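Me: Could you go through this structure with me? I'd like to start with how the chains meet and then look inside them.

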Amino acid sequence: MIASGTIYGVALNDSDERARLESSFHDEPYKAPPAAPVVYIKPRACATIGGAPVPLPTGEPELVVAATLALLFAEDVCAVAPAAVWGRIAATCLALDVSLPAASYYRPAIAQRCRDGFLPLGDVGAPTLPAEIGTSIDGEEVHRWSLSRLVRPVETLVADLSAFMTLKAGDLLLVGVPGDAPRARAGQHVRIDAAGLASIETRIEEQRS
Amino acid sequence: MKRARIFHAGREQWAVVSDDGGTLMLANGEIVAAAQVHWLPPVAPGVSAYALGLNYADHSRELGFAAKQQTPLAFLKGGNSFVGHRGATPRPADANQMHPECELVAVIGRPARGVRASDALDHVAGYTVANDYAIREYLENYYRPNARVKNRDATTALGPWIVDAADVPDPQALSLSTRVNGVEVQHGSTADMILPVAGLIEYLSSFLTLMPGDLILTGTPHGVHFCSAGDEVVTEISRVGTLINHLVPA
C-alpha cells in the first residue's frame, strides 16, 4: 500500500528523547521547547512496499532505521476530538522511517529524511495499536520500544494536528519515531515486527550511482 | 499554452485557456467562459510539493538571517494547503502577522534524478504562481518553517493555470509583485533567487526523484506586509499569470 495522499511524520514525539534533549530546548537555536507537534513530510518517492531494498547513499556509513506505526485516514479529519480519532482511521501498517543521522531539529531535514526508498511500508490491516514494535538486524533483536513512550498518544496527536491542518482521506501519518532508533549498514537485513501487524523485511544496499 | 484545472459540469477537468484569458477549451472541444468556471489549484492529487525558504537574499536580510544558507532551506507541503484562483484563505483572528508571499512555481514534466543544472530545465513542464502565506506568530524553531505556519488548510493559493515552459524562455527574468487591496506591497525579480530553478532541480534530484506534476515553490523576495480578513491579495508574475485570493475570517 502506498498512500494516495500526503505522508506525514512527527518528530520529537518520544518522551525518552524529549527528556534527554529537554535542557537543550532552551538554548539557541530553539529558545523554547516545542509546543505544536513537530511535523515532517515524506514525499511519495520515499515509499516502497514488498521489502524493496533501502539505498545507502555513497559515502554514508550507516542509516537510522526507525520503526513506527502508520495510520491511514478513511475520511478528512479536521478539528476532531481525541475520542473520535479511531473512528476515522481506515487501516494501520508498520513503517520503517529511514533517515541519515542528524543532530539538529532546527531546519527541515529534507536531505536526511526525504530520499528515494527511505520509507518501506508494511501491508495494511484493520486498525491496530500495538503495545510494542521490535527491530531486528541480521536476525538479532536490537531495539524494542513501547508506544506508551509517545508524548502525544495517537488520539491526542491526531486531534492536535487536526486543529490546524486537515488530515485528508488517503493521507498517512507516522505517529512518532524512537530517538534511540538503531542504525544499519550496507548488506544488513532489517526486520520490524509488532503483534497484529504485518512485518517489514528489507535490506540496506549500497546505492548504485 | 496555458492549462487550467477546473471544476465544470460536475467534474474536475483540465482545460486550455485562451490567449486573452476570456475562455477555456475543454478536452472535448467545448468552449466555456472563464467567468463560468471554478478554478482549482493546478496540481494533481498526491504529487509532492517542495518549497524554498530564504531563497532571495533581500528577504533573508529582512528577516534577520544570513543572505545565503549553507544548504538550501527546503520543506514540503501537504495537499491540504492548496487553494485555487479566486479562492478563500482563512485568516485566524489572532494572526496579526499573516503575510502573503508571491512565488514562482516550477511544475515538473519528466522524472528527474541526478540531473545537472545545465539540463534541469528540460524536466520542467511549465510554471504557475503561488501565494504561500505565512503566519509569523505561529513560528517555532523546530523544522522551521513549521507546519502550523506553512501547512495550514488553503493557505497556499496556486494558479490560475500552468504556462508551458516553452512560453517562459528564461525563468530567472520574471518580475513578481503582490498587491493588497490594490496597493503594491511586494516587488522583485526572479533574477535575485539565490538558487535558480535549474539549481533547485539539481539539488533536490541529487537525493530524490522528482516526478511529473511535482511542484517546486521557489521562494519569495522581500516585502513583508501583514494582512487582515477581507483583504484582496493579488500575486502576479510576468509571462505566467495573475492569481487572486481573498482572506476570510477564521
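Reply: The contact between the chains takes 25 residues from chain B and 32 residues from chain A, where two residues are in contact if their C-beta atoms, placed from the backbone, lie within 7 Å. This is a predicted model, in which local features need pLDDT of at least 70 and side-chain atom pairs count only at pLDDT 80 or more, while totals for chains, interfaces and linings use all residues. Residues are numbered from 1 along each chain as its sequence is written, and chains are lettered from A and ligands numbered from 1 in the order in which they are written.

Me: Staying with chain B, what domains is it divided into?

Reply: Chain B has domain 1 (1-40) and domain 2 (41-249), with bounds that come from an automatic or database domain assignment. The C-alpha centres of these two domains of chain B lie 24 Å apart, and their contact takes eight residues from domain 1 and 11 residues from domain 2.

Me: What makes up the domain 1 side of that contact?

Reply: Strand E1 (2-8) and strand E5 (38-40) of chain B each supply at least two residues of the side of domain 1 that touches domain 2, with E1(B) giving the most, four residues. The residues of that side divide into five nonpolar, no polar and three charged.

Me: Switching to Thr190(B), is that residue buried or exposed?

Reply: Thr190(B) counts as buried because it has 26 C-beta neighbours inside 10 Å; the cut-offs are 20 or more other C-beta atoms within 10 Å for buried, 12 or fewer for exposed, and partly exposed in between, with C-beta atoms placed from the backbone. Thr190(B) lies in the loop between strand E16 (183-189) and helix H4 (197-204) of chain B.

Me: Leaving aside neighbours within four places in sequence, what is Thr190(B) in contact with?

Reply: With that exclusion, the contacts of Thr190(B) are Leu104(B), Pro171(B), Gln172(B), Ala173(B), Leu174(B) and Leu176(B). Thr190(B) and Pro171(B) are 19 residues apart in sequence and, C-alpha to C-alpha, 7.0 Å apart in space.

Me: Now chain A: how many helices and strands are there?

Reply: Chain A has three helices and 13 strands, and buried residues make up 44% of its 209 residues. Along its principal axes, the C-alpha trace of chain A spans about 45 × 45 × 30 Å.

Me: Which strands of chain A form the open sheet?

Reply: Five strands form an open sheet of mixed pairing in the order E4-E13-E12-E8-E9 (chain A), where two strands pair if DSSP finds at least two bridges between them. Strand E4 (54-56) and strand E9 (140-146) of chain A stand at the edges, each with a single partner strand, so one side of each is left without a neighbour in the sheet.

Me: How do E12 and E13 of chain A pair?

Reply: Strand E12 (residues 189-194) and strand E13 (residues 197-206) of chain A pair in the antiparallel sense over five bridges, and Val190(A) stands opposite Thr202(A) in E13(A).

Note on methods. Ala, Val, Leu, Ile, Met, Phe, Trp, Tyr, Cys and Pro count as nonpolar, Asp, Glu, Lys and Arg as charged, and the others, Gly among them, as polar.
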